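Please look through the structure shown below before reading on.

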Amino acid sequence: MFLTKPLRLVLQSTTIVAILAACVGATILYAGVNESGGEFGVFGTPGTGLPGEFGVTYDFITESTVDTFVDTNQINFFRVTFLMERMCPLATGLGSTFNETYFSEYEDAINYITVTKGAYALIDPHNYMAGRLISSRFSDPSSQPNSGSIIGDTTDPNAATTEQFQEFWTELASRFVDNPLVVFGINNEPHDMATSLILQNDQAAINGIRSTGATQLILAPGNGFTGGHSWTQVTGANDDPSSEWLNQIVDPLNNTAIDIHEYLDEDFSGSHDTCTQPGPSNLAALTTWLQENNLKAIVSEFGGSNDPTCLELVPELINYLSENDVYIGWSAWAAGPFWGTNSPCCGPEVGSLEPGQLDEEGGPNGYTTVWQAVIQPNIDLSDLKRSGVSSLS
């Protein structure tokens, strides 16, 4: 890869930062990548791609990619997406009845990561709880994150109930109860709904998971796309800050962390190729809230392009997380089997984090120009959790 002088200077400075961070001692237990693909193939006309065809419409992982990340990069954490509209047949709706074919395909991916490779896998229903989920009889993920009914919305006759959401999580957790390397992510990026309802749904999921005897780590999201920068702020249409409600979560095993997403571009969307938002200052209020409430967090989505601004701010974010013991993990967005030369985030040119793929211009993709350049050098591999039930410590 040809490096311009400014880019060489950025990479040199981030290497120095990585060394300094290692000296003060990192606290990150889980470091890894998102595997995006199980949610593919549904965008457009409502009903498109449901239930879909494995390997054609959707897929979960490429085993050789997991091999590279575990064996070469030595990371220990994969967030694996799926759609609830596929996991639960539309004829029966959200609940304990599963599409056994889809579940089996997903289980194979999780087992490859956890059983075959010995890494941790975060189970991710990628459905935007905030009004973007399966209804009791019909679901519409065709325009996510802006389509579907809000789980627990009693004013919407098509919406699934919080009780159905608990039934779903009870069933799903019961199928992974004996896999210690699983982490349960309650839902992806709730937004534009009452924060009190997010707490209600989060608590229902926790109750369902724990009712099965599952002891593994749970991640609970907040409002505003579960953004760390806005955790203490009003979001959406005057929705309460997540900080006013999420400290009321009750886990009898005290093994639940807060699920945070944090992009570094101008509007925190991850759609721009330049980074302008400084992670440390934007997360400061969240960090204080976590400390005051004796809670931990995992940043399960963040990302950046190979623009010099991102090559500076991405490692700055990673090292901030390492230096503050309320953060126990992170996963970058994103790798995945179907991205090809397309970019999961951060402008159209960087490509994905999938090893061996190219960007849209035929050059090295984000695995080379972002992961290997500024993410990998900032992982303290010696601190990563390598065995035992997923937990806060």
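Helices (H or I, at least four residues) and strands (E, at least two) are DSSP runs, and they are numbered from the N terminus. In these terms, Tyr320 belongs to helix H9, which covers residues 308-323. This is a predicted model, in which local features need pLDDT of at least 70 and side-chain atom pairs count only at pLDDT 80 or more, while totals for chains, interfaces and linings use all residues. Residues are numbered from 1 along each chain as its sequence is written, and side-chain values use heavy atoms, with hydrogens and water left out.

Tyr320 counts as buried because its relative accessibility is 13%. Although Tyr320 and Gly279 are 41 residues apart in sequence, their C-alpha atoms are 7.7 Å apart in space.

Two strands pair if DSSP finds at least two bridges between them. Strand E3 (residues 120-125) runs parallel to E4 and is joined to E4 by three bridges, with Ile123 standing opposite Phe184. E4 also pairs in the parallel sense with strand E5 (residues 218-221), over two bridges, and there the bridge partner of Phe184 is Ile218.

Which residues are linked by opposite charges? A salt bridge is a side-chain nitrogen of Lys or Arg within 4 Å of a carboxyl oxygen of Asp or Glu. By this rule the count comes to seven salt bridges. In one of them, Lys117 meets Asp71, with the closest N and O atoms 3.0 Å apart. This pair links distant parts of the chain, since Lys117 is in the loop between helix H4 (100-116) and E3, whereas Asp71 is in helix H2 (residues 63-72), 46 residues apart. Asp71 is partly exposed because its relative accessible area is 48%.

Another salt bridge joins Arg175 to Glu100, where the closest N and O atoms are 2.8 Å apart. Here too distant parts of the chain are linked, with Arg175 in helix H5 (residues 162-176) and Glu100 in helix H4, 75 residues apart. Arg175, with a relative accessible area of 24%, is partly exposed, and Glu100, with 44%, is also partly exposed. Arg175 forms a salt bridge with Glu171 as well, the closest N and O atoms being 2.8 Å apart. Because Glu171 and Arg175 are four residues apart in helix H5, they are separated by about one helical turn. Elsewhere, salt bridges that share partners join Asp67, Asp71 and Lys117 into one network.

Charges can also gather without such bridges. Patches are made of residues with over 30% relative accessible area and no salt bridge, where like charges are joined within 9 Å and nonpolar side chains (Val, Leu, Ile, Met, Phe, Trp, Tyr) within 5 Å. Asp273, Glu349, Glu360 and Glu361 form a negative surface patch. Of these residues, Asp273 is found in the loop between strand E6 (256-261) and helix H7 (279-282), and Asp273 is partly exposed because its relative accessible area is 36%.

Some details of the backbone remain. Most residues other than glycine have a negative phi, and most peptide bonds are trans. Leu50 and Pro51, however, are joined by a cis peptide bond with omega of about 0°, and Pro51 lies in the loop between strand E1 (30-35) and H2. A cis peptide bond also joins Trp333 and Ala334, with omega of about -10°, and Ala334 is in strand E8 (residues 327-335).

Which residue of the loop between E5 and E6 is described here? That residue is Thr226, which has a positive phi of about 50° although it is not a glycine. Thr226 is buried because its relative accessible area is 0%. Asn294, in the loop between helix H8 (284-292) and strand E7 (297-301), likewise has a positive phi, near 55°, but Asn294 counts as exposed because its relative accessibility is 71%.

Notes: Areas by Shrake-Rupley, 256 points an atom, 1.4 Å probe, with all protein chains shown as cover. Lys, Arg positive; Asp, Glu negative; His and termini not counted. Charge placed at Lys NZ, Arg CZ, Asp CG, Glu CD. Buried < 20%, exposed > 50% of the residue type's maximum accessible area, 1.4 Å probe, protein only.
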